[in-house]
Amino acid sequence: LHGGAMMALAETVGSALSILMIDTNTHDIRGIEINGNHVKSANSGTVTAKATLIHKGKQTHVSEIKITNQHGQLLNISRMTNVVVEKEK
């Protein structure tokens with residue numbers, strides 16, 4: 001699994017977590033920062049990504065995303081910051 005694909009997965013899961021925390025009728029989420037460490041490679045099998053909220057503020061969300069293989073081994077650990085913005089009327 002390419003490192004860029006792991007980062008795209010991490011960003012998707014981190015963004016989804018933030019979306020679940022807001023009223024999507026009035027607010028949107030924008031990613032403002034993501035960083036990741038590739039710990040182990042994966043050449044086959046299944047990967048799982050799990051996001052955990054570290055900080056939920058009125059304007060920012062910080063999440064930690066861990067990507068593991070089918071054996072539970074850590075492949076990537078990332079941290080993402082999202083900003084909560086009010087939708088334009």
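In what order do the four strands form the open sheet, and is the pairing parallel or antiparallel?

Guide: First, the ground rules. This is a predicted model, where local features need pLDDT of at least 70, side-chain atom pairs count only at pLDDT 80 or more, and totals for chains, interfaces and linings use all residues. Residues are numbered from 1 along each chain as its sequence is written, and side-chain values use heavy atoms, with hydrogens and water left out.

Now the sheet. The order is E1-E4-E3-E2, and the pairing is antiparallel. Strands here are DSSP runs of E, at least two residues; helices are runs of H or I, at least four; both are numbered from the N terminus. Two strands pair if DSSP finds at least two bridges between them. E1 (27-38) and E2 (47-56) are the edge strands, each pairing on one side only. From one strand to the next, the twist averages 25°. Nine bridges join E3 and E4. Ile 65 stands opposite Ser 78 in E4.

Next, the helix. H1 lies across E1, E2, E3 and E4, at about 45° to E4. Such angles run from 0 to 180 degrees between N-to-C directions, with axes fitted to C-alpha atoms, for helices over the stretch in contact. Contact means heavy atoms within 4.5 Å.

Then the core. The largest nonpolar core has 10 residues, among them Val 13, Leu 17, Ile 65 and Met 80. H1 (3-20), E3 (60-69) and E4 (74-86) each give two or more. H1 gives the most, four residues. Such a core joins buried Ala, Val, Leu, Ile, Met, Phe, Trp, Tyr and Cys residues through side-chain atoms within 4.5 Å; buried means under 20% relative accessible area, with a 1.4 Å probe and protein chains only.

Finish at Met 80. Beyond its neighbours within four places in sequence, Met 80 contacts residues including Ala 10, Gly 14, Ile 34 and Ile 65.

Definitions and conventions: Buried < 20%, exposed > 50% of the residue type's maximum accessible area, 1.4 Å probe, protein only.
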